[in-house]
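Thanks for coming. I will take a few minutes to walk through one structure, and I will start by putting it on the screen.

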Amino acid sequence: MNEPDKNSFEQASEAKPVSLVAEIIALLKHNKKWWLVPILIVLLGVGGLIAVALVSPGAAPFIYTLF
């Protein structure tokens with residue numbers, strides 16, 4: 001017997017998983033949501049500052065003056 005053709009759902013389930021960054025970029029391209037790029041950059045910057053403040057307490061006073 002011949003194996004029936006796979007539908008798109010089955011093909012997608014067997015595909016290689018895509019990274020989160022690649023999915024976000026694909027979302028921005030497909031939906032033309034380019035206005036989200038500056039918001040994401042600012043959120044990543046603030047998150048980076050918070051991470052630096054948590055890792056090195058000596059830098060915390062300098063970072064807190066930015067806010």
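Predicted model: local features only at pLDDT ≥ 70, side-chain atom pairs only at ≥ 80, totals over all residues.

Residues are numbered from 1 along each chain as its sequence is written, and side-chain values use heavy atoms, with hydrogens and water left out.

The chain has four helices and zero strands, in the order α-α-α-α. Helices here are DSSP runs of H or I with at least four residues, strands are runs of E with at least two, and both are numbered from the N terminus.

Of the 67 residues, 6% count as buried. Buried means under 20% relative accessible area, exposed over 50%, and partly exposed in between, with a 1.4 Å probe and protein chains only. The chain exposes about 6200 Å², and carbon and sulfur atoms supply 71% of that area.

Now the patch. Leu20, Ile24, Trp35, Ile39, Leu40 and Leu43 make a nonpolar surface patch of about 610 Å². Helix 2 (20-31) and helix 3 (36-55) each give two or more residues to the nonpolar patch, and helix 3 has the largest share, three residues.

Trp35 lies in the loop between helix 2 and helix 3. Trp35 counts as exposed because its relative accessible area is 55%.

Last, Tyr64. Tyr64 sits in helix 4 (residues 60-64) and is exposed, at 57% relative accessible area. From Tyr64 to Ile50 is 14 residues in sequence and 9.5 Å in space, C-alpha to C-alpha.

How values were computed
Areas by Shrake-Rupley, 256 points an atom, 1.4 Å probe, with all protein chains shown as cover. Patch = residues over 30% accessible without salt bridge, like charges linked within 9 Å, V, L, I, M, F, W, Y side chains within 5 Å. Salt bridge = Lys/Arg side-chain N within 4 Å of Asp/Glu carboxyl O.
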